[in-house]
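These are my notebook entries on one protein structure.

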Amino acid sequence: MRSYRELFRIPEYRPFFLSYVAQTAAQTISGLALATLVYGATRSPLLSAVSMFGPQLAQMVGATFFLSGADRLPPRATLAGLNTAFAVCTALLALPGLPVGAAFGIVFAQGLIASLGGGVSGGLLTEILPKNGFVLGRSVFNMASGLTQVTGFATGGALLALLPPRACLLLAAALYAVTALVVRLGLTARPPRAAGRPSVAATWRTNALLWSARPRRLTYLALWVPNGLVVGCESLYVSYDSGSAGTLFASAALGMFVGDLTLGRFVPAALRARLDVPLRLLLAAPYLFFVLRPGLPWAAVAVCVGSVGYGASLVLQERLMALTPGELAGHALGLRSAGLLTMQGVGAALAGKAAQLTSPATAMTLMATVSASVTGVLAVCARQNRQLTLSVGAS
């Protein structure tokens, strides 16, 4: 499947796509609003970064206990319920006088809820689309995320200039409620993909199985670590230049859109498989120049170019699906999502701490340096694994 027209002719793909766009818009607006609210109250780059990316820190906790539900719960009812819970949590964040500690407790709860959503959505996508349509369908989701973030951060910045952050949080809560409604009315009720009840034991067994194969381990680490460290750079946009943070986020999202469009639509599969390392290096490289403290035009160009490197996730997800049994697709993609978002939260916390000890610009450069170094180490490990596999096969 190579045509967007073919893709959107699939009836369920359209409402699923719309629900994803609405959810991404809600996350974008609420994240920027909450980070602005926390930074205004505390003047802390660390707390501001963690408030925006803090839900990710709870993702791995949720993945440890709840992820078996990704294949063992009915997907439509689960996604509708999760988005309803997001709407409630976001509305609570808008309560006047809410202590910062209570806000972080709600943020943690959102992360636990979200840990299940990535697996349910990913597994459902493999059911809605034919096998040869997964990369194209996933790339459209990623592009939609980029475009929605471009418009969402730009709109969020404009809204914050006109409205208080709490009003923006209420708007995001309404978008989550719309998402739940679209899921409930637009998707077909499906049975769970796997038999058995969700349980902590089942989650641990499947996580251990997925982690047991070295090629999958390296793929997961490549998906999680370089990306998460660069998101740490992004978490400092507010403290780097609070007045231009929306523009920087929008520029990064635009670059991500370009990368996913190019990789998903125009690059042949054989070439695409060889681009993951160059793309991950591109992701980190522009932030090395932030030590020079570039102004808005140059900073926006740098983050836009670097974010093209997020296209590496398409290559790595395709590889992960090739390495994973079909009945574990939802769990495998859920673990990818949970680990990625957890690492993004860790990256935001590390970057915020580094910014408090140095400066936001210096912290960005440090995080980018570590990201590029990790990509190099993982590339060497993957090459050694391929050589070992070939030598074993020859013998």
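Entry 1, helix packing. I took helices as DSSP runs of H or I with at least four residues, numbered from the N terminus. Axes are lines fitted to C-alpha atoms over the stretch in contact, and angles run from 0 to 180 degrees between N-to-C directions. The model is predicted: local features need pLDDT of at least 70, side-chain atom pairs count only at pLDDT 80 or more, and totals for chains, interfaces and linings use all residues. Residues are numbered from 1 along each chain as its sequence is written, and side-chain values use heavy atoms, without hydrogens and water.

I found that the axes of α10 (residues 200-212) and α18 (residues 329-357) come within 11 Å and cross at roughly 80 degrees. This makes α10 roughly perpendicular to α18 (65 to 115 degrees). I then listed the contacts (heavy atoms within 4.5 Å): Thr 203, Thr 206, Asn 207 and Leu 210 in α10 meet His 331, Ala 332 and Leu 335 in α18.

A nonpolar core is a set of buried (under 20% relative accessible area, 1.4 Å probe, protein chains only) Ala, Val, Leu, Ile, Met, Phe, Trp, Tyr and Cys residues joined through side-chain atoms within 4.5 Å. The largest one has 78 residues, and Tyr 13, Phe 16, Trp 224, Tyr 237 and Tyr 287 touch the most other members. Apart from it, I noted another core of 22 residues, including Ile 29 and Tyr 176.

How many disulfides (cysteine sulfur atoms within 2.5 Å) does the whole structure hold? The search found zero. The sulfur of Cys 233 is 16 Å from the closest cysteine sulfur, in Cys 304, too far for a bond. Cys 233 counts as buried, at 0% relative accessibility.

Methods. Helix = DSSP H or I, 4+ residues; strand = E, 2+ residues; numbered from the N terminus. Parallel < 35°, antiparallel > 145°, perpendicular 65-115°, else oblique. Buried < 20%, exposed > 50% of the residue type's maximum accessible area, 1.4 Å probe, protein only. Disulfide = S-S within 2.5 Å.
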